[in-house]
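Good morning, and thank you for making time on the agenda. Please have the display in view as I speak.

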Amino acid sequence: MPSFTTAVADLRTLGPVFEALVAVPEQVEAVLRSTGRRVPQPVRVSALIDTGASQSVIQAGLAEQLGLHPVGMAAIHTASTADVPCALYDVRLALPSNVVVGLVAVETSLAGQSIQVLIGRDVLQQGVLVYVGYTGTFTFSI
Amino acid sequence: MAVSTTHGVELLSEELATYEAHRAELLGSARGKWVLIHGQAILGTFESQRDAIDHGYRVVGLVPFLVKQVVEVESPVNFASTLIAL
């Protein structure tokens, strides 16, 4: 099972964060190549593994940057809102150590500028997350 | 500059209306499956979300389309995180 381990300087404060690339899914890339169109460059992001998210999230604007179209809609609930309709996008995520996952992510606004992707339990359910607080490291296998 | 989070949903307004118009019959014939809708056309029902999306790419290409599970009660996506800025 492919995996990566990341050390975070202040794991308790920042949480399990890492750099990743968001790209168009394989199927979209194949269509673009077969029709002679340009494949958008993957976008480098900071991602956070968030066990409080039932589905993964991409920052608003990322899908447009990649030229993606919505493939669905979900109503989302947060601590302060309910039933907010948000579009779903099919994306490919390249994690460290060449771990690649495909996912359907909710597009919404993320507070602040530091995190552009939340890795939710839709991805976690496919793998193993090991959080070693006393060494400031985490390992994700999928 | 704030980025709109409603644009993607607006792009699917026709498909969402089509789903609502056919919801009762879909619940009768394809409960639990994933339906693929483009415009006013229902293009099929599938066992998985992945299958429906892949079929969408093949049949209608790189345009907005709706893939939705046919269920009686919609389950929201829940976020405990305070990072969601809504």
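Let me begin with chain B. Of its 86 residues, 27% count as buried. Please bear in mind throughout that this is a predicted model. The C-alpha trace of chain B spans about 40 × 30 × 25 Å along its principal axes. Chain B holds three helices and four strands, and along the sequence these follow the pattern α-α-β-β-α-β-β. If we take the contacts in chain B between residues at least 6 apart in sequence, 45% of them join residues at least 24 apart.

I turn now to the sheet of chain B. In what order do its three strands lie? The order is S2-S1-S3, in an open sheet with antiparallel pairing. S2 and S3 of chain B stand at the edges with a single partner strand each, so one side of each has no neighbour in the sheet. On average, and ignoring direction, neighbouring strands of this sheet are turned by 25° against each other. Between S1(B) and S2(B), which run antiparallel, there are five bridges. Within this pairing, Ile37(B) stands opposite Ile42(B) in S2(B).

Helix H2 of chain B, residues 13-30, lies across S1, S2 and S3 of chain B, and runs at about 145° to S1(B). The other is helix H3 of chain B, residues 49-59, in which Ala52(B), Ile53(B) and Gly56(B) are buried. Why do these buried residues line one face of the helix? Seen down the axis of H3(B), they fall within an arc of 95°, so they line one face.

What do the buried residues of H3(B) pack against? Their partners in chain B are strand S1 (34-38), strand S2 (41-46) and strand S3 (66-69), and together with these they pack against S6 of chain A. After H3(B) comes Gly61(B), which has a positive phi, near 85°.

That brings us to the contact between the two chains. It takes 38 residues from chain A and 33 residues from chain B. On the side of chain A that touches chain B, the elements giving two or more residues are helix H2 (26-34), strand S5 (72-77), strand S6 (84-95) and strand S7 (99-108) of chain A. The largest share, six residues, comes from S5(A). By class, this side of chain A has 22 nonpolar, 12 polar and four charged residues.

Strand pairing also crosses from one chain to the other. S5(A) is joined by two bridges to strand S4 of chain B, residues 77-78, and the two strands run parallel. The bridge partner of His77(A) in S4(B) is Asn78(B).

Next, the interior. In soluble globular proteins, nonpolar side chains tend to be buried together. Here the largest nonpolar core has 54 residues, and the members that touch the most others are Val22(A), Ile58(A), Tyr89(A) and Val117(A). The element that gives the most to this core is S6(A), with seven residues. Let us look at Tyr89(A) in more detail. Its neighbours within four places in sequence set aside, Tyr89(A) is in contact with Ile58(A), Ala63(A), Leu68(A), Pro70(A), Val71(A), Ala105(A) and Glu107(A).

Finally, I would draw your attention to a sheet in chain A. Three of its strands form an open sheet in the order S1-S10-S9, with antiparallel pairing. Strand S1 (3-7) and strand S9 (128-132) of chain A are the edge strands, each pairing on one side only. From one strand to the next, the twist averages 10°. S1(A) pairs with strand S10 of chain A, residues 137-141, in the antiparallel sense over five bridges. In S10(A), Thr137(A) stands opposite Ala7(A).

Is Val132(A) buried or exposed? It has 12 other C-beta atoms within 10 Å, and Val132(A) is therefore exposed. Apart from its neighbours within four places in sequence, Val132(A) is in contact with Thr137(A) and Phe138(A). The C-alpha atoms of Val132(A) and Ala7(A) are separated by 9.6 Å, although the two residues lie 125 residues apart along the chain.

Thank you for your attention.

How values were computed
Residues are numbered from 1 along each chain as its sequence is written. Chains are lettered from A and ligands numbered from 1 in the order in which they are written. This is a predicted model: local features need pLDDT of at least 70, side-chain atom pairs count only at pLDDT 80 or more; totals for chains, interfaces and linings use all residues. Two residues are in contact if their C-beta atoms, placed from the backbone, lie within 7 Å. Ala, Val, Leu, Ile, Met, Phe, Trp, Tyr, Cys and Pro count as nonpolar, Asp, Glu, Lys and Arg as charged, and the others, Gly among them, as polar. Two strands pair if DSSP finds at least two bridges between them. A nonpolar core is a set of buried Ala, Val, Leu, Ile, Met, Phe, Trp, Tyr and Cys residues joined through C-beta atoms within 7 Å. A residue is buried if 20 or more other C-beta atoms lie within 10 Å of its own, exposed if 12 or fewer, and partly exposed in between; C-beta atoms are placed from the backbone. Axes are lines fitted to C-alpha atoms, for helices over the stretch in contact, and angles run from 0 to 180 degrees between N-to-C directions. The arc is that of the directions from the helix axis to the C-beta atoms.
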